[in-house]
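Biologist: I'm new to this one. Can you put it on screen and walk me through it?

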Amino acid sequence: MKNLNGGNTMDKSKMTEMFFGPNHPGVPGNYGINYFYEGDTVVSAEPNAGHLHRGFEKLMEEREWIKNTALVCRICVMEPDINEMVYAMGYEAIGEIEVPKRAQYIRSIILEMARIQAHIFSIGGNCGAIGLYTAMHWGVLARDYILDLFEEITGGRVYHIYIRPGGVRHDIETSTFQKLLDLLDDLEKNRMPEFEKLIFENPTAQKRWKSTAVLNQEDALRLGVTGPTLRATGLEHDVRKLMPYGAYDEVDFEIPTGNNADAWTRMKLKRDEIFQSINIIRQLIKNIPDGPVSVNLGNALKYRIPKGEAYVKVESGRGEYGYYMVSDGSLKPYRVHVRGTSTPLGLYGVEALLPGTRIEDVPVWAHSLGICPPEFDR
Amino acid sequence: MKTENEVIKLIKEKLNPLEVNKLRAQNLAVKLENEELVSSLNYLKSKGYSHLATISCVDWIEDNEFELVYHLFSYEDKINISVKTRIDRKKSKFVTIKNLWAVAQYYERDIHDFFGVEFEGNDDMEELILENWNDTPPMRKDFKTRDYVNEKFEWREYHGQK
Amino acid sequence: MKEKYKSSKWQEVINWAQKRSLFMLHYCTGCGAIELPPTMTSRYDMSRFGIGPAATPRQADILLITGYLSTKTLRRVVYTYEQMQDPKFVMGFGSCTINGGMYWDSYNTIKQLDKYLPVDLYIAGCMPRPEAILEGFLDLKEKIENGEAKGYKKYKEEYEYYKTNQKKVLGEVKRRQ
């Protein structure tokens, strides 16, 4: 058992061991934390990961390039579209393929819809961790209406398999865009004010979230943390502005930041980002050009790109999400390495940052920092 | 804020690279020898490349080598740099960089689990993601996953069909 | 239970009461668990059928295996199953429990759930919609009423068979927990 300041073991006779294990309603997924506590406070912790390991990187080397588009969306379960986008971006970067404009606009609309539904689900999950179950029911219901629209566009509620190398699978009609605009109006005018009254003006919720799970700027930069967790400390870093992809360099949007880096600030940031995403989708639908939606790359089972490598990344709902792809000119990928967003926090953050919190705040810590176990288990 | 060509010039002057090239916009790749790696990473970290995204490992079985790739990023220059080095496949050993970035101990533990590479200075190499694994490390190219599955698990029989 | 009460009339009453109050263990084992919150909340409400979530295995009736099982999770699921009280039911969810599904050539997932735990009902899909899950629960209720859901008795009778299969895949215990 490790001590933070050196390698000595601590006196175990006064401490109790607890398995905050995989079978618990308070963990965000199938993941465990083993910790020692004394009195009411956690003293030392370590992660218990690997329950969701399926060996994706080995499976991807055994299948042709096109067959992997049906496989990669299962790596992150809450937000599957970013995986398809990064895989397609990596393939197009190595092969130097140019995607038509209309396809880039449609890809950005799909990614922003995925971001809105992931943020709503995350706010609901945070409320479930402190016991406010009404907000969880409302959040899951609001997310369901967005999944209905996904089903109309792509054919599936959760796993879409819509974005593929060269563009998207098929076009979207104008009537679907009109339904999307109506849904966004309903979200902005009816549902978000109700969430505001229930969650954000609630004195009990404010007391539970203020000054819990604090992560200051120095620790965040040292660990390699990105996303809303880093923006809550005051820095304005977002992959959509640092290395633009899709159609993001043709729309106007702001990046909300915060001052204190506790759970309360992160919740407010997610709510502000929902409003920014609604604004982005409206601009994209207004300015979308006409044209083809994909490039013809020949026989799908014989896709081939020259030798090369690429590290590509996108901004998911939780931060930077990247793939490192290596190709050796054959029909199957040579190596694909997945870098999930919550790898530094889920593995090293438990050891370095959890000691010092009280036991009842451990689920709040796990939910508000955005730990998603299938990303680092792969 | 520096452009890609200025960064390439800086790397060629101050470090001792085998090869530097620009892959595409905002992406560079640098190849180094084993002994130069830790000092080069230290130098790049002091010049603003302080975000370590991840450490990857690629198995080049025909050359008999492993390749370790360190991905760095700078928020001021907005450039990705992939720093690479090659080690021998039979006696796969390398030094740790956990004194520069403390997060790296978990990335190295992950590579040890899947490829069998040992890192000197990082003595916590317990199994992280696999459990009770006694075979060859699974991400190596000589581990055939379909033979392993056919031997260990049985398939369901469907009546009258194959 | 005493012998004189084991007549068929008593058993019918017990089956009728049991099928109307089923508690499901709240354990998300795989990627199929993302369709459980919509089933439990107000749109596809499942508590109108008398089904609710339970936090600990000692107080649960149904174990829902949502999707694939890696070998690390299989060990914990076997401990959980043996902690539940009789009578208990196991439902396989998704096509990964039937023959391996999408990860059929993976070195870390199991291919047939039937060899390690006795399964009463399968729900097909990848992943099943909430309406399909509710249909599965209604079928389970019919099976309980007819007395056909006897997985827990089968586990006791064929204990050696299940234990040999589990030990072949899992090996022995080396780490704590």
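Biologist: How many helices and strands does chain A have?

Modeller: Chain A has 13 helices and 8 strands. Keep in mind that this is a predicted model.

Biologist: What does the radius of gyration say about chain A?

Modeller: The value is 21 Å, close to the 21 Å that the globule rule gives for 378 residues, so chain A is as compact as a globular protein of that length. Its C-alpha atoms fill a box of roughly 70 × 50 × 35 Å along the principal axes.

Biologist: And what percentage of the residues of chain A count as buried?

Modeller: That is 53% of the 378 residues. Look at the contacts in chain A with a separation of 6 or more: 71% of them come from residues 24 or more positions apart.

Biologist: Let's go to the sheet with β1 of chain A. In what order do its strands come?

Modeller: The order is β1-β2-β3 in chain A. The sheet is open, and the pairing is antiparallel. On average, neighbouring strands are turned by 25 degrees against each other, direction ignored.

Biologist: Which strands stand at the edges?

Modeller: Those are β1 (16–20) and β3 (41–48) of chain A. Each has a single partner strand, so one side of each is left without a neighbour in the sheet.

Biologist: How many bridges join β1(A) to β2 of chain A?

Modeller: There are 5, and the two strands run antiparallel. Strand β2 covers residues 32–38. For one pair to find on screen, take A:Thr16, which stands opposite A:Tyr37 in β2(A).

Biologist: Which helix lies across β2 and β3 of chain A?

Modeller: Helix α11 of chain A, residues 343–353. It runs at about 155 degrees to β3(A).

Biologist: New topic. Is strand β8 of chain A enclosed or open?

Modeller: All 5 of the 5 residues of β8 (residues 335–339) are buried, so the strand is largely enclosed by the rest of the structure.

Biologist: Which residues sit on each face of β8(A)?

Modeller: A:Arg335, A:His337 and A:Arg339 are on one side, and A:Val336 and A:Val338 are on the other. All are buried, with both faces covered.

Biologist: On to helices. At what angle do α2 and α3 of chain A pack?

Modeller: At about 145 degrees, with their axes 9 Å apart. Helix α2 spans residues 81–95 and helix α3 residues 101–130. The crossing is left-handed.

Biologist: Which residues make that contact?

Modeller: From α2(A), A:Asp81, A:Ile82 and A:Met85. From α3(A), A:Arg107, A:Ile110, A:Leu111 and A:Ala114. By class, 5 are nonpolar, none polar and 2 charged.

Biologist: Now the other chains. How many residues does the contact take from chain A and from chain C?

Modeller: It takes 24 from chain A and 29 from chain C. On the chain A side, helix α4 (residues 133–154) gives the largest share, 4 residues. That side divides into 11 nonpolar, 8 polar and 5 charged residues.

Biologist: How many residues of chain C are in contact with chain B?

Modeller: 10 residues of chain C are in contact with 10 residues of chain B. The chain C side has 2 nonpolar, 4 polar and 4 charged residues.

Definitions and conventions
Residues numbered from 1 in each chain as written. Chains lettered and ligands numbered in written order. Predicted model: local features only at pLDDT ≥ 70, side-chain atom pairs only at ≥ 80, totals over all residues. Contact = placed C-beta atoms within 7 Å. Nonpolar A, V, L, I, M, F, W, Y, C, P; charged D, E, K, R; others polar. Pairing = 2+ DSSP bridges. Axes fitted to C-alpha atoms, helices over the stretch in contact; angles between N-to-C directions. Rg over C-alpha atoms; globule rule 2.2 N^0.38 Å. Buried ≥ 20, exposed ≤ 12 C-beta atoms within 10 Å, placed from the backbone. Left-handed = near helix turned anticlockwise from the far one by under 90°.
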